[in-house]
Amino acid sequence: MRIIEKLDEMQQQAESWRRQGKHVALVPTMGYLHQGHLALMKFVRPRADLVVASIFVNPTQFGPGEDLDKYPRDTSRDVKLLGDVGVDVLFIPHAEEMYPDQFQTYVEVKKVTQPLCGISRPTHFRGVTTVVSKLFHLVKPHTAIFGEKDFQQLVTIRRMVKDLNMDVEIMGHPIVREDDGLALSSRNVYLTTEQRRKALRLSQSLDAAEDLVKKGERSGNVILQRVREILAEDQDEDVRIDYAELRQPETLEQVDHVEGPTLLALAVFIGSTRLIDNRVL
Ligand code: AMP
């Protein structure tokens with residue numbers, strides 16, 4: 001696996017692949033890789049001539065007081081894992097080159113970034129869409145893949161690609177979970193054993209909501225009340241619900257009655273760690 005750090009080197013390589021008619025797939029990540037990330041790589045591997053994984057802990061998507069400085073990193077382990085799943089190029093740009101002094105251009109998607117995570121993280125998606133646009137210009141992929149774990153991010157990127165006529169096919173990949181249901185996340189390392197046990201409430205509440213809908217329940221209030229009961233079980237001070245909402249999966253507009261496919265989206269603080277999870281009911 002080749003490692004590229006310089007932006008001009010990446011862009012020249014991408015241009016040369018394009019001239020040779022190669023199909024390029026990009027998997028953007030912030031590193032500290034787990035099986036959720038690797039599932040994305042394995043999924044695109046047979047669908048592309050060249051697979052590029054990027055690792056970039058993107059400062060513009062972190063708000064003040066968020067975990068940019070303490071975000072977990074282990075590049076040598078990541079390199080080994082990426083080599084094992086057959087990634088061709090690992091692109092690790094540097095923040096100073098991605099955002100030099102005088103940087104002042106942002107890509108902003110409006111409506112779908114406002115609810116859910118947009119409320120507690122008002123500048124997050126602007127950072128995501130800006131960096132993903134930059135990565136698309138640098139790697140020139142034909143296909144890019146993102147996890148459904150970050151459902152609002154996937155909806156936002158699809159919207160950006162449509163609105164700006166970007167010539168990149170966007171693929172989504174289902175959420176990868178531990179055997180006990182916890183959605184894999186780089187941030188799970190912040191959890192103590194006790195907190196990890198409490199974190200299982202997220203997937204348990206999604207299961208309970210799914211069961212209710214299967215049994216014919218259609219009222220958003222009833223479903224969300226059950227979800228909140230499970231999440232906030234025994235009025236635990238260590239667990240704080242940021243949001244638990246039902247939304248239309250493409251527009252992210254609020255849903256009161258489950259009539260078609262409906263996104264149940266959760267963000268919950270366990271201690272100071274904010275976890276997200278979701279399911280389309
Ligand atoms: P991150 O490094 O957290 O920015 O994630 C990089 C990519 O991996 C994003 O497209 C995420 O949605 C995806 N991803 C992270 N965790 C999971 C998971 N448990 N299942 C599926 N995709 C995931």
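A polar contact is a pair of N or O atoms within 3.5 Å; within protein, one atom must be able to donate a hydrogen and the other to accept it, and residues adjacent in sequence count only if both atoms are side-chain atoms. I wrote that down before opening anything else.

**Ground rules.** I am working with a predicted model, where local features need pLDDT of at least 70, side-chain atom pairs count only at pLDDT 80 or more, and totals for chains, interfaces and linings use all residues. Residues are numbered from 1 along each chain as its sequence is written, and side-chain values use heavy atoms, with hydrogens and water left out.

**Entry 1: the ligand.** I looked up the polar atoms around the ligand. A polar side-chain atom of aspartate 150 sits 2.6 Å from a ligand oxygen. For valine 176, a polar backbone atom is 2.8 Å from a ligand nitrogen. Leucine 184 brings a backbone N or O atom to 2.9 Å from a nitrogen atom of the ligand. Of the 490 Å² of accessible area that the ligand has on its own, the protein covers 92% (Shrake-Rupley method, 1.4 Å probe; for residues, only the protein chains shown count as cover).

**Entry 2: the shell.** I found 17 residues surrounding the ligand, and the closest include Met30 and Gly147 (near means a heavy atom within 4 Å). Which element gives the most to this shell? It is α2, with 3 residues. β2 (24-29), α2 (35-44) and β5 (143-147) each supply at least two (helices are DSSP runs of H or I, at least four residues; strands are runs of E, at least two; both are numbered from the N terminus).

**Entry 3: valine 112.** I traced valine 112 to the loop between α4 (95-98) and α5 (117-120). It is buried, at 7% relative accessible area (buried is under 20%, exposed over 50%, partly exposed in between; 1.4 Å probe, protein chains only). Beyond its neighbours within four places in sequence, valine 112 is in contact with residues including Gln152, Arg159 and Leu252 (contact means heavy atoms within 4.5 Å).

**Entry 4: two domains.** I noted domain 1 (2-173) and domain 2 (186-280), with bounds from an automatic or database domain assignment. Their centres, taken over C-alpha atoms, are 26 Å apart. Domain 1 puts 22 residues into the contact and domain 2 puts in 19.
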